Amino acid sequence: MDEAFYTDMLDAMSDGVMVFDHDKRITFCNQAFLDITGFNRGDLDHALTAILEGAGTDPKVIAAINASLSKGTEFDGEILSFRKSGEPFFNHLVIKPAIKRSVGENHFIGIVRDVTSKITNYSGFERDYEFIFENVLAGIIIHDPDSRVRFINRKAREMLGLTGNAAIDRTAEDRGWQFLRPDGSPMPLEELPFNRAIDENTTVRGVLLGRKHPFDDSIGWALCDAFLARNDAGEVTAVLVSFSDVSRLIESEKSANAYRERFELAARASQDVIFEWNIETDAFSANEAFKNIYGYDPPAIMTPENLDALIATENGQHVVRDVALEAIASGTDRFSVDHMINRPDGSTGHVAIRAFIVRNSQGEATRVIGTATDIGRLTAALAALEESEARFRIIADTVSDVLWDNNLDSGQLWMTPDWATKLGVPKPSGPPKEAHWRDLISPADIGAALQSYNEALNSKATNWETEYRIISADGRTINVAVKARILRHPDGRAYRVLGSVRDVTALKRQQEGYTRARALEAVGQLTGGVAHDFNNLLMIILGNAEVLETTVLDDDQAESVAMIHQASSSAADLTRRLLSFSRQSQLRAGCVELTSLMTNTVALLRIGIPETIAIRCDLKPSIWQAKADGNALEQAVINLAVNARDAMPDGGEITISAENQTISSDVQSALLDLEAGDYVIISVTDTGHGMPPEVLGRAFEPFFTTKDVGEGTGLGLSTVFGFAKQSGGHATIESEPGRGTTVRIYLPRFAEGEDQEGHVQTTERAVRKTGQHILIVEDEPMVRAHVEKLLSKLGYVVTAAANAQEALSLLHDGEAFDLLFTDVIMPGGMSGPQLGKAALELAPNIKLLYTSGYPATASENLGLEDLSNVNFLAKPYRSTQLEEKLAKILNDWDPRPLI
């Protein structure tokens, strides 16, 4: 079937059919539509608006139609429409959305039905009465006795939101009426004016009811009367209900009540007195603040004579009365007065009255309305506020923290005025904003910081804490700790955040340094203990190697013994470095002239450092003398320079510098365990590849190295650290990938008058005498046997004891000994020094020689800061060292040089 067939079918319909788009442009209509509206096909482009909208059309119906077109929903209702000639007709209009598939556009199908005859066709009334009812200002509905609607005029339809014949033939039981009581509750059927008139068989007047408009849910209010119409027999033939639209009156009354209620609440909540004085009746009323300010309840009557009340001060007894009466008499409409009062409790107050005079049409004053403010309390409150603000400003200026206040509702951010200076960051040109602060956060931390902040705001939390890094004005990384309080609305939404920002860079470094120092101390204790035991083993290995070297050996055997001796010497050197790290090496502290020592060290370094690496020495003439072991300091600088060389395979620069620094006791130093005083700082800086954080944190640990196997022991930096700590100073390291490394050695300043510990350099060989009797005390059996054998070969008479108790027993028995050779640390409850003291009491002429593989602990057990003032031999020692030491102690020196 073609399009012509459908067109013929539509033209055969009695209802008008049209198709139109969103612009209300009719694109198709049938013949019935043209017959109903009077338009022809040539003038349909703008016909729809003219048909639907006219002077008498209800605007709410037009709004409902437009809403349906906008949402693409169906509309079904009656509307007063107009033909092309302007003649009105009642139109039952149905609109349904449709899609024109060929172009994909939204269109609407409209069905127009002329229902004018149904609305106006009723019996029992003449056209003249119909004309009158249609044009009166009151709404009129005529019911049959069974409540069925026979007639409803235009005004009633507008007021009730009805269209066309929507109400005709409907009864009171129809749920569509949905009338409301004045309090907004549904009105029962028996309370409707029609039903009441029928039930009470009389006229009903003044019934107020409301009804929601079907198109916008607004409520219209009407004041209704119901009249009974009777025939000659007195039977009720109809009920006429008339009503007037009182919606504006009701809304005005509600607004007035709301304003009155708000005023009463405001008056009760106000801290100021709000009063009204009726001049004609002397009636006086005031809110609850009257008693708070004046100290007694407000009077019900106020006359001009007692306007100042009984509590006015002596100097102002009639000031209020005089000012008020003068203003009333002068014709002005306002006056104000300040006066002092004495309250019943003995306190005084300062009250400011501001009043407005109400006058009638003749200009006569009838009322005075005004306020009274306790400006004394207000002044005190302002003073307290100013003091509080001043206190806050002082605190904000003096504390190191940066304080901030972020108002999320207004978008304003306040920060301590000098916040940028305190943190060392660039200051923005304008007021601080969140964007300025976010730009300062390190790119590595900004994601986590913003996530933490947003999660706190979106949760129910009232506190927020976090730490992250920001970038300073000179490019440094600053660690900051943020603490904040989150204020929230009753619904839980955050509206304000107040907090502080603290620079914790130094604290964080202290904490990291403390952890590192404690870890290194624990490692040092472990390595020291290992070195002690290892020294005892080396005693045996080195001693036997020396013995083998004195025997007749073939070439292979001699080579093996030499390898054993060399390996043992390397192990002994390794042990000494471990003891240096654990601060248990034997140092001889003295005055070190840094200028000459560093000059010689740099000259030595130039031999082993390639030409691609420049060495720069920066020593100021005013540099202090350091208290340290010069040889150990020189070795430490060399170790650092070698490490710097390895970090610059492609060349670079090594800078060796020294500076003076005084650390005061009232300043918390970032250098842990460093006492207040004067220090000399020796720094070795390179331009190498630097260290990542994970390597930097372990740089001072013994045996930790990033070099390949066989290229380093990992004891270079750890030995430097041990030397600095044992010298009473400290060592620090700073490094970043790509920015080089700086190691600083802090050494105490040498004070004038301090004793120096000279280095004994033996250039002469001792010649021993035989026959002296030596008592050996050593708890390690193998070491004891080795030393006993060694001394016997040297020609001494030897007696060995495993512990102090055995040695004392031998001394008690009266056996004579020339020298007691004892280990410092021994099991059994008595140490070597304690044994030595007891031995001197039993044999005052006996000589003492101590030995230990743990020099630092030996010093502690001997009760000395160092071992230079006692006869001491550190393990492992060679036979020649033991021979020379015994010869010196036993006064057997021969000045002849060795041949």
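Me: In the hairpin of β6 and β7, which residue takes a positive phi, and how many residues are between the strands?

Reply: Strands of a sheet pair through backbone hydrogen bonds, either parallel or antiparallel. In this predicted model, strand β6 (residues 139-143) and strand β7 (residues 149-152) pair in the antiparallel sense over three bridges, and I141 stands opposite I152 in β7. Five residues lie between the strands of this hairpin, and S147 takes a positive phi there, near 80 degrees.

Me: With which residues is S242 in contact, leaving aside its neighbours within four places in sequence?

Reply: S242 belongs to strand β11 (residues 236-245), and its contacts beyond those neighbours are with G139, L223, C224, D225 and F227. Because its relative accessible area is 16%, and buried means under 20%, S242 counts as buried.

Me: Is N195 buried or exposed, and what does its side chain reach?

Reply: N195, which is found in helix α8 (residues 193-200), has a relative accessibility of 14% and therefore counts as buried. Its side chain reaches the backbone oxygen of L189 at 2.6 Å.

Me: In what order do the strands of the sheet with β13 and β14 run, and which strands are at its edges?

Reply: This is an open sheet of five strands with antiparallel pairing, and its order is β13-β12-β16-β15-β14. At the edges are β13 (284-286) and β14 (334-342), each of which pairs on one side only, while neighbouring strands are turned against each other by 20 degrees on average, direction ignored. Strand β14 is joined to strand β15 (residues 348-359) by nine bridges, the two running antiparallel, and within this pair S336 stands opposite R354 in β15. Helix α11 (residues 319-330) lies across β12 (273-278), β14, β15 and β16 (365-374), and runs at about 170 degrees to β14.

Me: How should I read the open sheet that contains β18 and β19, and why is one side of each of these strands left without a neighbour?

Reply: The order of this five-stranded open sheet is β18-β17-β21-β20-β19, again with antiparallel pairing. Strands β18 (412-415) and β19 (463-471) stand at the edges and have a single partner strand each, so one side of each is left without a neighbour in the sheet. From one strand to the next, the twist averages 20 degrees. Within the sheet, strand β17 (residues 402-407) and strand β21 (residues 494-503) run antiparallel and are joined by six bridges, with G499 in β21 as the bridge partner of W404. Helix α15 (residues 446-458) lies across β17, β19, β20 (477-488) and β21, running at about 160 degrees to β19.

Me: Which residues of α22 are buried, and how do they fall when seen down its axis?

Reply: An α-helix has 3.6 residues a turn, so residues three or four places apart point the same way. Helix α22 (residues 781-793) has 13 residues and reaches 18 Å from its first C-alpha to its last, close to the 18 Å expected at 1.5 Å a residue. Its buried residues are V783, R784, H786, V787, L790 and L791; seen down the axis of α22, they fall within an arc of 165 degrees, so they line one face of the helix. M782 and K793, on the other side of α22, are exposed.

Me: What is the phi of G795, and which helix does this residue follow?

Reply: G795 follows α22, and its phi is positive, near 100 degrees.

Key:
Residues numbered from 1 in each chain as written. Predicted model: local features only at pLDDT ≥ 70, side-chain atom pairs only at ≥ 80, totals over all residues. Heavy atoms only, no water. Pairing = 2+ DSSP bridges. Helix = DSSP H or I, 4+ residues; strand = E, 2+ residues; numbered from the N terminus. Axes fitted to C-alpha atoms, helices over the stretch in contact; angles between N-to-C directions. Contact = heavy atoms within 4.5 Å. Buried < 20%, exposed > 50% of the residue type's maximum accessible area, 1.4 Å probe, protein only. Polar contact = N/O pair within 3.5 Å; in protein donor to acceptor, adjacent residues only side chain to side chain. Expected span 1.5 Å × (residues − 1). Arc of directions from axis to C-beta.
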